Amino acid sequence: MHRMFAALLAAVSCVSVAQAQDIATTAPPAAPPLTLDQAVAAAGGSAPAADAARADIAAAEAGRTIAGLRPNPTVTTEVENIVGTGPYRDFRGAETTVGLSIPIELGGKRSARIAVADARTMRALLAAAITEADIRLQVTELYVNAVAAERRLATAVDQARIANEALNAARVRVRAGRASPIEEQRADVTRLNAEATVENARRLLDAARLNLGRRIGQPVTGTLDLAALDSLPAAYGPQLAPTAEGTLALAAADADLAVADAGVRLARSQRVPDVTVGPGVRRFSESHDTAALFSISVPIPLFNSGRAAVGQASAERTRAEAQRRMTALDVEQAILDARTEADNAATNARTANGPALAAAQEAARIARIGYREGKFGQLDLLDAERTLAETRLAAIDALVAYQNARARLERLTAPAPEQGN
């Protein structure tokens with residue numbers, strides 16, 4: 001009988017194992033986590049700022065086409081010696097003239113306009129690159145905050161589990177008569193606070209994922225790359241002096257200076273008067289004869305010689321040049337500050353996630369064992385658990401501070417695109 005019962009159990013176990021294997025085989029694979037690069041790519045395609053930057057580029061390119069166009073000719077028709085008195089009382093003595101006026105630009109105005117349009121197009125391209133770098137920074141910060149919220153929730157859930165275990169241990173001690181009932185009440189309060197912390201952490205996580213999804217243009221329903229917080233640089237070493245050369249900010253200042261230079265050239269070209277030539281034909285109604293004519297007109301720069309416009313453009317160029325020097329100083333200072341902030345945050349993150357966290361975990365472990373064995377009091381246990389929770393949260397905050405500081409540093413040092421691209 002025992003042998004038959006054992007054989008039946010073995011058969012049921014085999015069937016259960018086979019069913020479990022079939023379920024594991026047919027279960028759909030877990031979706032890969034949404035990485036930071038994927039989030040940035042999704043945001044770049046749906047961000048309103050990116051659409052505005054692309055529209056600016058299109059407008060600048062259209063302006064370049066307009067700048068290369070020559071002025072349109074003008075057709076004029078004149079009828080003279082009509083509706084007068086005597087022989088001119090009707091149209092018999094009319095003289096009809098049809099002429100074509102062709103403006104001829106002098107002084108290099110067209111090439112100067114093209115130079116201004118080219119400079120503005122390059123500035124629009126740099127503005128698009130700056131917008132792309134800003135989007136990456138914004139998405140990175142939102143992504144880091146969402147990952148940190150995931151970790152804070154996991155920490156809160158683990159602390160709630162520990163609080164439940166402490167409550168069960170307190171109940172055992174109280175029922176065994178080894179502790180006062182107040183220990184059970186105190187442990188129950190700790191459990192309630194831990195559960196409230198879990199609820200708050202879950203709410204903050206939902207908000208962080210919602211903000212990230214709104215920025216990238218799609219809901220964040222899957223998992224995130226939780227290891228995105230863990231990358232830390234090597235220990236502190238000597239740093240090179242910060243330089244603004246090649247950065248987006250300085251390239252934008254250079255583009256503004258190029259626009260101002262082209263504006264000075266355009267203002268100077270405007271001082272040269274244009275010439276308008278006009279071939280035409282005149283018909284005499286009385287004799288039915290025709291005659292050719294040719295006109296030429298040149299404006300006299302008596303009241304507006306263009307000197308004030310050149311002075312205005314020169315002042316704007318001086319301002320752009322000064323702004324470039326100021327931008328170089330500001331960018332180098334910002335890079336140095338961001339680099340220092342990132343290095344300090346990395347040091348704090350290494351400490352918080354290394355020796356400090358290990359010491360807090362070991363202290364809490366010893367306190368739990370000692371409390372179960374009656375060697376430590378409940379207050380010692382609660383203090384150790386509170387220290388562990390605070391250390392774990394501080395470690396997450398330190399990682400977040402470093403990742404955000406590194407993102408800001410990367411934004412400041414983002415290279416400008418080459419002019420050919």
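Leucine 266 lies in helix α6, which spans residues 248-270; helices (H or I, at least four residues) and strands (E, at least two) are DSSP runs, numbered from the N terminus. The model is predicted, so that local features need pLDDT of at least 70 and side-chain atom pairs count only at pLDDT 80 or more, while totals for chains, interfaces and linings use all residues. Residues are numbered from 1 along each chain as its sequence is written, and side-chain values use heavy atoms, with hydrogens and water left out. When residues up to four places away in sequence are not counted, leucine 266 touches Lys109, Ala112, Arg113 and Val116, contact being defined as heavy atoms within 4.5 Å. The C-alpha atoms of leucine 266 and alanine 112 are separated by 4.9 Å, although the two residues are 154 residues apart along the chain.

Strand β2 covers residues 95-104 and includes glutamate 95. This glutamate is buried but has no salt bridge, and the nearest side chain of opposite charge, that of arginine 282, is 4.2 Å away. Buried means under 20% relative accessible area, exposed over 50%, and partly exposed in between (1.4 Å probe, protein chains only), whereas a salt bridge is a side-chain nitrogen of Lys or Arg within 4 Å of a carboxyl oxygen of Asp or Glu. Lys and Arg count as positive and Asp and Glu as negative, with His and the chain ends not counted. Apart from its neighbours within four places in sequence, glutamate 95 is in contact with Glu78, Val79, Glu80, Asn81, Arg282, Arg283 and Phe284.

Isoleucine 104 is also found in strand β2, and it counts as partly exposed because its relative accessibility is 37%.
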